[in-house]
Amino acid sequence: MIREVKLIKDIQAQQRGWTVKVVVIEKAMPRVSKSSPNKYQRLILADEEGNKIQATIYGGDIHIFRDTLIIGKNYYISNAWVKEIGAQYQIVQNNLQWTINGRTIVEEVTGDSEIIVPAVYNFVPFSRLHTYIDSLSHVDVIGIAIEIKPKKEIITNDGLETVQEMTLMNDNMDTVMLTMWNQFVNNECTQILNIMNRKPIIIGCRLKVSSYNGISLSTKSSSSFVIEPEIPQAAALSIWYNANAEKAMDIICGRIGLETKSLSTLPSAEDIITIKMIDNQLNTRRSFWINGHIKVTNLIQPFWYLSCEKCTKATGYEFEQRFNCLYCRHDQVKAMPRCRVIVDLIDESSSLNATLFGNQAENFLGCTAYELMNKYDGVI
């Protein structure tokens with residue numbers, strides 16, 4: 001009997017009696033809902049035309065599908081519950097979602113005569129990450145997890161949060177730091193840490209690009225990871241690493257060139273805008289490339305402040321006095337001076353206020369925060 005198979009786009013809300021052949025692109029770790037103690041697991045499925053749909057498994061049904069719906073494998077899915085999804089919860093371009101439960105029919109695609117749908121990702125090269133800095137867009141990346149730091153607790157505007165930093169490397173030996181937050185620390189980071197000895201290949205989906213430490217990546221609530229994926233790009237990256245493991249280890253152990261090369265990548269002409277154009281683009285991004293010059297107009301501003309030596313948050317403690325930082329949760333840190341200068345950034349169209357911190361401020365002023373503290377008492 002010939003199976004009648006539809007495409008994802010053909011299935012409407014509340015529709016029953018259908019079958020779609022899909023490939024599992026993402027299968028996130030189970031999460032605890034923010035609004036209830038119930039667990040859910042999110043999947044992204046695609047058909048042979050590339051149409052995508054978000055699917056969710058809830059509660060006890062998560063265990064039922066623990067050993068099926070494997071990333072990269074193909075399945076016939078019949079009669080999942082189809083309903084509309086609010087725009088704030090959409091992570092693919094589809095206003096519908098499927099709920100998969102114990103009554104949903106899920107059968108793995110087998111046989112040489114079947115058309116196997118490949119899992120397709122749109123990876124952003126490390127060298128282009130700077131074009132997404134602080135924007136509302138997100139990126140998908142693939143890289144080798146070469147280092148993972150111990151997890152730590154920090155205080156943010158949302159309260160006490162857990163973070164863990166990981167360094168990813170590409171086949172050009174560029175590196176970028178990825179910060180994992182909260183549930184990603186307890187789930188994905190734990191899994192990755194257990195296999196760090198073989199330097200696993202990681203796919204990160206829907207990551208935020210920020211200007212922290214130049215350029216870095218961080219998780220969002222909608223982010224998802226594939227650990228050791230079985231796709232051609234991952235296989236090629238693994239072969240490259242095995243052939244270059246010794247040099248990569250020099251970078252890991254000796255910090256030779258550990259800074260991401262893309263941090264020093266100059267923007268293209270298309271990336272540069274004028275100051276006057278910024279207001280019209282604030283709805284879509286928060287970081288911009290400007291070609292202008294810097295000028296200090298306020299000479300009575302404080303040019304340094306005392307801060308935690310670990311997280312650089314301002315503190316009321318005296319110079320070199322030790323204290324327990326409430327922000328980064330490190331104990332017995334020193335209060336150290338940090339340079340800060342408010343400047344005018346000027347181009348041909350307009351000007352705006354900007355603030356330089358740390359090494360950038362010291363390089364601009366031509367002196368260190370320690371020298372400012374001792375010679376000028378914070379005022380030039």
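Residues 302–374 have end C-alpha atoms 13 Å apart, and the span is 19% helix and 38% strand (helices, H or I, of at least four residues and strands, E, of at least two are DSSP runs, numbered from the N terminus). UniProt, in an unreviewed entry, places the feature "domain: Replication factor A C-terminal" here; its positions are in the numbering used here, feature names are shortened, and annotations may be inferred rather than shown by experiment.

This is a predicted model: local features need pLDDT of at least 70, side-chain atom pairs count only at pLDDT 80 or more, and totals for chains, interfaces and linings use all residues. Residues are numbered from 1 along each chain as its sequence is written, and side-chain values use heavy atoms, leaving out hydrogens and water.

Now for strand β4. Spanning residues 52–58, β4 is mostly covered, with 5 of its 7 residues buried (under 20% relative accessible area, with exposed over 50% and partly exposed in between, for a 1.4 Å probe and protein chains only). Here are its pairings (two strands pair if DSSP finds at least two bridges between them):

| Partner of β4 | Bridges | Direction |
|---|---|---|
| β3 (residues 39–46) | 7 bridges | antiparallel |
| β7 (residues 96–99) | 3 bridges | parallel |

Over in β7, Thr-99 is the bridge partner of Thr-56.
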